[in-house]
Amino acid sequence: MILWIIDKIRIALTFSKEKNIISNAHIVFKIVSTIIFFAIAITVRDLTDALILLSYPIILTCLTRKARVLFESLQAIILPISLLFFFTWLLSPEGPLSMYAAIRAATISLRISALALTLLIIFSFTNPVSLSAFLEKCRLPLTLTQSIILTWRLIPLVLKDFLEALASLKLRKYPTWKTLIPLTVVSMEKALRTSETLYIKGFGWSKKRTYVTPLGNVKDGLIMLGLVMLISLTLFIL
């Protein structure tokens, strides 16, 4: 079960190069809309409002026309969210027999589910190079902006190596703890190759980078921001 969850997280965090409204949206509007949605998720206290909040990642999926992304993201969070609901309901002050305890547990679970699905969907269709280019324009340190690209791209690769190494060791009937040895070796090799690639590209030679990837389309970014504002207005009216 744990390996299955890790594989789903790896798939959900892998950057997709497919073109759609989210991938084309301007990175600034992505960041602003995500921050607003996070603020809305914090303020929601009602079960009906939580259901409305959950509509945002569903709408984003409809805009991208990639139901697979929502499905994979849902599989990645279903077990942690189920455990959160169970323990919140079981350990509530009113007791597990109270209807209010179940409603509160469901509200919290839906709020976190909406936030997690939104982040995973946006991560799946956001090029880390665009984010790094924007942060560099904000005059953040070059090491920080480049580290975002490396971390964003490296996490799915390390998870994939971990799953492949564990599957190989299981076939050979080796202890599970020995998985860390080949995983560490492979990660070190990739780190060495990455450092050599950065050296060849002139990383550290100058303080400026040349980014080919654009920051995104303003029109598509306004659509994302408009959806967040519409949901925020709906919750405010209700």
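**Figure 1. Secondary-structure elements of the predicted model.** Helices and strands are taken here as DSSP runs, with at least four residues in state H or I for a helix and at least two in state E for a strand, and they are numbered from the N terminus. In this predicted model, the elements of the protein chain, read from the N terminus on, follow the order α-α-α-α-α-α-α-α-α-α, which amounts to 10 helices and zero strands. Of the 238 residues in the protein chain, 39% are buried. When contacts in the protein chain between residues at least 6 apart in sequence are considered, 79% of them join residues at least 24 apart.

**Figure 2. Close-up of the packing of helix α4 against helix α10.** Helix α4, spanning residues 47–64, packs with helix α10, spanning residues 218–237, at an angle of about 160° and with 10 Å between the two axes. Because angles over 145 degrees count as roughly antiparallel, α4 is described as roughly antiparallel to α10. The crossing in which α4 passes α10 is right-handed. On the side of α4, the contact is made by D49, I52, L53, S55, Y56, I59, L60 and L63, while α10 contributes I223, M224, L227, V228, I231, T234 and L235. Sorted by class, the residues of this contact between α4 and α10 comprise 12 nonpolar, two polar and one charged.

**Figure 3. Close-up of the packing of helix α3 against helix α7.** Helix α3 covers residues 27–43 and packs with α7 at an angle of about 90°, the axes of the two helices lying 10 Å apart. The residues that make the contact are I27, V28 and I31 from α3, together with S130, L131 and F134 from α7. In the contact of α3 with α7, five residues are nonpolar and one is polar, and no charged residues take part.

Figure 4. Through its side chain, T126 makes a polar contact with the side chain of K30, at 3.2 Å.

Definitions and conventions
Residues are numbered from 1 along each chain as its sequence is written. This is a predicted model: local features need pLDDT of at least 70, side-chain atom pairs count only at pLDDT 80 or more; totals for chains, interfaces and linings use all residues. Side-chain values use heavy atoms; hydrogens and water are left out. Axes are lines fitted to C-alpha atoms, for helices over the stretch in contact, and angles run from 0 to 180 degrees between N-to-C directions. Angles under 35 degrees count as roughly parallel, over 145 as roughly antiparallel, 65 to 115 as roughly perpendicular and the rest as oblique. A crossing is left-handed if the near helix is turned anticlockwise from the far one by less than a right angle, and right-handed if clockwise. Contact means heavy atoms within 4.5 Å. Ala, Val, Leu, Ile, Met, Phe, Trp, Tyr, Cys and Pro count as nonpolar, Asp, Glu, Lys and Arg as charged, and the others, Gly among them, as polar. A polar contact is a pair of N or O atoms within 3.5 Å; within protein, one must be able to donate a hydrogen and the other to accept it, and residues adjacent in sequence count only if both atoms are side-chain atoms. Buried means under 20% relative accessible area, exposed over 50%, partly exposed in between (1.4 Å probe, protein chains only).
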